[in-house]
Amino acid sequence: VLESSLEGMLADIRDDLAQMGVTFDRWYSERSLSTSGAIDRAIERLRANGHLYEKDGATWFRASAFGDDEDRVVVRANGAKTY
């Protein structure tokens, strides 16, 4: 039941976007980024390139080095990953 509800919601979103002229070549579940390990691989790549640091028990991305107004948490102190 949950899966069919999600599919229905996604169909509505696709229809709305199509009416605005927005199309995507590929659709995938945000959950798949976590289950596939893509998020962990990205974090490790950022770490290997020196773009992460630890502060207050959290892992931070040096976003300010790329023009952002502040650095951003990528892994909270409780271990939850952000994006």
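A residue is called buried here when its relative accessible area is under 20%, exposed when it is over 50%, and partly exposed in between, with a 1.4 Å probe and protein chains only. The model is a predicted one, so local features need pLDDT of at least 70 and side-chain atom pairs count only at pLDDT 80 or more, while totals for chains, interfaces and linings use all residues. Residues are numbered from 1 along each chain as its sequence is written, and side-chain values use heavy atoms, with hydrogens and water left out.

Helices (H or I, at least four residues) and strands (E, at least two) are DSSP runs, numbered from the N terminus, and two strands pair if DSSP finds at least two bridges between them.

Lys-55 stands opposite Ala-58 in β2, and Tyr-53 of β1 has Trp-60 in β2 as its bridge partner.

That last pair is worth a look. Both Tyr-53 and Trp-60 are buried. Leaving aside neighbours within four places in sequence, Tyr-53 is in contact with Ala-58, Thr-59, Trp-60, Arg-62 and Asp-71. Gly-21, in contrast, is 32 residues from Tyr-53 in sequence and 40 Å from it in space, C-alpha to C-alpha. Thr-59 belongs to strand β2 (residues 58-61) and is buried, with a relative accessible area of 7%. Beyond residues up to four places away in sequence, Thr-59 touches Arg-47, Leu-52, Tyr-53, Glu-54, Arg-72, Val-73, Val-74 and Val-75.

Next come the rings. A search of the whole structure turns up 3 aromatic pairs. Rings of Phe, Tyr and Trp (its six-membered ring) pair if their centres lie within 6.5 Å; planes under 30 degrees apart count as stacked, over 60 as edge-to-face and the rest as tilted. Tyr-53 and Trp-60 form a stacked pair, 6.4 Å centre to centre with 10° between the planes. Phe-61 and Phe-66 are stacked as well, with 5.7 Å between centres and 10° between the planes. Phe-66 is exposed, with a relative accessible area of 53%.

Charges meet rings too. The charged end of Lys-55 sits over the ring of Trp-60, 5.0 Å from its centre, and that of Arg-14 sits over the ring of Trp-27, 4.6 Å from the centre. For this, NZ of Lys or CZ of Arg has to be within 6 Å of the ring centre and within 35 degrees of the ring normal.

Finally, the whole structure holds 6 salt bridges, each being a side-chain nitrogen of Lys or Arg within 4 Å of a carboxyl oxygen of Asp or Glu. One of them joins Asp-40 and Lys-81, with the closest N and O atoms 2.9 Å apart. Asp-40 lies in helix α3 (residues 38-48) and Lys-81 in the segment after β3 (72-75), so the pair ties together parts that are 41 residues apart in sequence. Asp-40 is partly exposed at 40% relative accessibility, and Lys-81 is partly exposed at 43%.

Another group gathers around Arg-72, where Asp-68, Asp-69, Glu-70 and Arg-72 are linked in a network of salt bridges. Asp-69 is exposed, with a relative accessible area of 66%, whereas Arg-72 is partly exposed at 35%.

Definitions and conventions:
Contact means heavy atoms within 4.5 Å.
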